[in-house]
Amino acid sequence: MTTVLVIDDEEPIRLLCSVNLAAEGIEVLEAADGPSGLEQAREHRPDVVLLDVMMPGLDGWQVAERLLE
């Protein structure tokens, strides 16, 4: 089964992504900020990460850089 990690600081966006992905039979993980998204990615090793680049604190570009490391 494909696993997607949705990292977004806006709960309605995470919900929209989660509902639509789950309807297609995809396992969905969620994180509300960059640090928790990095933690989820390290722990669960998702196949795909949907990442909001405009988050407060650790923004999406910084998260992407750290994921690539």
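Just after α1, G25 adopts a positive phi of about 85 degrees. This is a predicted model, and the points below take up helix α1, which runs over residues 11-23, and then V63, a residue of helix α3.

**Dimensions and faces of α1**

- Helix α1 is made up of 13 residues, and the 18 Å that it reaches from its first C-alpha to its last is close to the 18 Å expected at 1.5 Å a residue.
- Three residues of α1 are buried, namely R14, S18 and L21; they lie on the same side of α1 because they cover an arc of only 75 degrees around its axis.
- An α-helix has 3.6 residues a turn, so residues three or four places apart point the same way.
- The other side of α1 carries P12, L16 and A23, which are exposed.
- The cover over the buried residues of α1 includes three strands, β1 (3-7), β2 (27-31) and β3 (48-51).

**V63 in helix α3**

- V63 belongs to helix α3, which spans residues 60-68, and V63 counts as buried because its relative accessibility is 0%, where the cut-off for buried is under 20%.
- When its neighbours within four places in sequence are left aside, V63 is in contact with I7, G34, L38, L51, M55 and L58.
- Between V63 and D52, which stand 11 residues apart along the chain, the C-alpha atoms are separated by 9.5 Å.

Definitions and conventions: Residues are numbered from 1 along each chain as its sequence is written. This is a predicted model: local features need pLDDT of at least 70, side-chain atom pairs count only at pLDDT 80 or more; totals for chains, interfaces and linings use all residues. Side-chain values use heavy atoms; hydrogens and water are left out. Helices (H or I, at least four residues) and strands (E, at least two) are DSSP runs, numbered from the N terminus. The expected span of a helix is 1.5 Å times one less than its number of residues. Buried means under 20% relative accessible area, exposed over 50%, partly exposed in between (1.4 Å probe, protein chains only). The arc is that of the directions from the helix axis to the C-beta atoms. Contact means heavy atoms within 4.5 Å.
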